[in-house]
Amino acid sequence: MAKQVDDEAVATEVGATAAVSVESLRVRRGRQLVLPGLSVRITPGRITGLLGPSGSGKSTLIRSIAGVQRIESGEVTVYGVPAGSRQASRKIGYMTQASSIYADLTVRENLAYWSRIAGADRHAIDRLIETLDLVGVAGQLGGDLSGGQASRVSLACALIGDPPLLLLDEPTVGLDPVLRESIWDILRGRAATGVTILVSSHVMDEADRCDDLILIRQGHILATGSPDVIRSRTGASTLDAAFLALIKGEAA
């Protein structure tokens with residue numbers, strides 16, 4: 001039988017100052033307790049990877065930080081204000097795992113809609129269309145886009161208005177290696193300007209692109225720290241091996 005893991009006892013702080021603070025978060029989805037008391041802090045101005053297998057609670061945690069998930073108990077704050085409040089929402093750019101663009105609007109119209117909400121100007125739309133290589137499809141309807149194109153439009157919608165916190169749920173799923181690298185270049189550029197980025201993935205080879213990692217399984221945090229710290233802590237040469245070592249340690 002796997003031993004119980006006390007999330008409070010696991011290293012729960014990524015850095016000293018928190019852009020996001022999650023304390024004793026419990027969330028149920030239907031009858032299932034998805035997050036059984038999770039605590040973690042996320043450092044500002046860095047790319048933090050939220051890594052774990054499908055069904056581990058990554059999307060639920062991101063939804064809780066975004067303020068769109070009903071929680072049972074606990075506290076989540078974004079730059080010191082409660083998640084879900086108007087003040088917190090204004091600081092967040094959120095890309096959901098499923099495409100969130102409007103199928104009956106063009107790419108430019110989708111961005112124009114979100115720019116009005118974010119208070120961004122027309123020039124911001126033009127810059128994002130160019131940055132994310134959407135010039136050729138700017139006039140196409142959202143419903144006519146390929147999966148990769150729709151993902152890039154969803155990311156553009158999250159980036160518009162230059163929010164200080166980006167929550168990106170599996171942003172590179174289904175993208176070819178060139179597009180994946182392009183998106184990571186964009187994220188690194190944003191982090192260099194002080195933007196805090198939380199990006200989820202179940203693909204371990206993306207973990208080394210992050211400054212900090214949160215490894216999660218079955219709603220429990222197994223470890224936090226930089227990729228090098230996690231490899232050193234487990235004595236593993238790869239993050240895949242480190243994750244497996246942590247799972248075996250949990251079950252011992």
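Predicted model: local features only at pLDDT ≥ 70, side-chain atom pairs only at ≥ 80, totals over all residues.

Author: Two strands pair if DSSP finds at least two bridges between them. Helices (H or I, at least four residues) and strands (E, at least two) are DSSP runs, numbered from the N terminus.

Residues are numbered from 1 along each chain as its sequence is written, and side-chain values use heavy atoms, with hydrogens and water left out.

Strand β9 (residues 212–217) runs antiparallel to β10, and five bridges join them. Arg-217 has His-220 in β10 as its bridge partner. The two strands form a hairpin with two residues between them. In that turn, Gln-218 has a positive phi of about 50°.

Now α4, which spans residues 122–131. Its buried residues (under 20% relative accessible area with a 1.4 Å probe, protein chains only; exposed is over 50%, partly exposed in between) are Ala-124, Ile-125, Leu-128 and Ile-129. They cover an arc of only 135° around the axis, so they sit on the same side of α4. The arc is that of the directions from the helix axis to the C-beta atoms. Arg-122 and Glu-130 are exposed on the other side.

What covers the buried residues? The cover includes α3 (107–118), α5 (147–159) and α6 (177–192).

At the start of α4, a side-chain oxygen of Asp-121 comes to within 3.1 Å of the backbone nitrogen of His-123. Asp-133 follows α4, with a positive phi near 55°.

Notes: Contact = heavy atoms within 4.5 Å. Polar contact = N/O pair within 3.5 Å; in protein donor to acceptor, adjacent residues only side chain to side chain.
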